[in-house]
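Visitor: Could you walk me through how to read a few features here?
Guide: Gladly; let us look together.

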Amino acid sequence: MSNSKYSTEISIADLYDWKEVCKTASDLLKKGEVVALPTETVYGLAAVATNEAAVAKVFDIKERPSFDPLIVHIASVNEIDQVAQLTDGLKKAVNILADKFWPGPLTMVLPKNENIPDLVTSGLDTIAVRVSAHEIMREVCLDAGPIAAPSANLFGRISPTSATAVSKELEGKIPLIVDGGACREGLESTIILVKEAEPGKKPVVQILRPGPVTREKLREVAKVEKATKTISEGEAINAPGQLKSHYAPRTPLYLFEDIKEFEPEEGKKYGLLSLSGEEDTKFVQAHEWEKIVALSPGSGKASEGAVRLFWALRELDEAGFDAIVAEPVPNTNIGVAIMDRLKKASVNH
Ligand code: TXA
Ligand code: MG
């Protein structure tokens, strides 16, 4: 696709005119166009889910392989029957999970409804669906119907958490980016497989992709089973672990358990992705870094780090060093999702 098919407009949706901006976006979507929309996790590259030609454009613009299915967004749990085909038992499970986590950063994988073209789900008989906590995405879904939207980055690259990050990759390829500000979660939604609940028992789920809704939070309402498969962007669902890089900066990224594993080469420039950026930490002390970007400056909080992760990776990537070294974060709660993205972004994952 030509790089200059469109002159991409970035429309700032503020408190006063956000509904008008949503209307412009929905009108474009209903005409079969593809636009970028904010969600609370990352920006999405949106198309009307029932319009196969529009969905095909999403794959084309992202340069995404057609075996990697999309997430479909709906305005509320009331629209679930438009995209999924649920037994009573599954409906119960979905309602319990939706009561607690929707609108929000949780995607449920459920049996698909026949309204949804096979292209959306890459031929799978399941569909990944969520209700975003961002009012712009929900408003557009109300007007234009279920919206298929993967993250608005080129395939395998860093997910965008601001309109500027979207425009750096997709300028000229789409007519509109709705600028709803920085994404407040900053990491893609948690994806779960939902199983039918036995009467009177908690729903059973498996985490397919860790995210802002942590295992600990899910356990409050569901039994979390060990996943038989996990997924990551670009993997054929039945062949996990095949693709080399996801969420990847162009600069090689090394994730070391222990900074002693790092052997700098003479004359090469290295940037550090640090948790706290504090001078008294081993990673900061280990080398004369060209630049240090802290995920949670001063305090080293994983929850803050999650919000800033993709921004921080872009900062270091754009500096043009020979390599980025990343410090691991504690692998609990939201740290699990950060480590998942860092491993997939790293050279030796
Ligand atoms: O937070 C998010 O989830 C963002 C925003 C825009 O909503 N979306 C997002 O989409 O991260 P994407 O396409 O970058 O990641 C979707 C993931 C892919 O890894 C895909 O393999 C998986 O969801 N997926 C989609 N449908 C699936 C299905 N039926 N079964 C299992 N995995 C599925
Ligand atoms: Mg993605």
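Guide: The crossing of α9 and α10 is left-handed, meaning that the near helix is turned anticlockwise from the far one by less than a right angle, whereas clockwise would be right-handed. Helices here are DSSP runs of H or I with at least four residues, strands are E runs of at least two, and both are numbered from the N terminus. This is a predicted model, where local features need pLDDT of at least 70 and side-chain atom pairs pLDDT 80 or more, while totals for chains, interfaces and linings use all residues. Residues are numbered from 1 along each chain as its sequence is written, chains are lettered from A and ligands numbered from 1 in the order written, and side-chain values use heavy atoms, without hydrogens or water.

Visitor: How are two packed helices described?
Guide: By the angle between their axes and the distance between the axes. The axes are lines fitted to C-alpha atoms over the stretch in contact, with angles from 0 to 180 degrees between N-to-C directions. For α9 (residues 302–318) and α10 (residues 335–345), the axes come within 9 Å and cross at roughly 30°. These two helices are therefore roughly parallel; that label takes angles under 35 degrees, with over 145 roughly antiparallel, 65 to 115 roughly perpendicular and the rest oblique.

Visitor: At what angle do α1 and α5 pack?
Guide: At about 50°, with the axes of α1 (residues 18–30) and α5 (residues 135–144) 9 Å apart. The pair is therefore oblique, and the crossing is right-handed.

Visitor: Which residues come nearest to ligand 1?
Guide: Thr41, Asp68, His73, Ser151 and Ser189, out of 26 residues around ligand 1; a residue belongs there if one of its heavy atoms lies within 4 Å. By class, the shell has 13 nonpolar, seven polar and six charged residues (Ala, Val, Leu, Ile, Met, Phe, Trp, Tyr, Cys and Pro are nonpolar, Asp, Glu, Lys and Arg charged, and the others, Gly among them, polar). The largest share, four residues, comes from β6.

Visitor: Which side chains make polar contacts with ligand 1?
Guide: A polar contact is a pair of N or O atoms within 3.5 Å. Among them, a polar side-chain atom of His73 lies 2.7 Å from a ligand oxygen, and a side-chain N or O atom of Ser189 is 2.5 Å from an oxygen of ligand 1. Thr126 places a polar side-chain atom 3.0 Å from a ligand nitrogen.

Terms used: A polar contact is a pair of N or O atoms within 3.5 Å; within protein, one must be able to donate a hydrogen and the other to accept it, and residues adjacent in sequence count only if both atoms are side-chain atoms.
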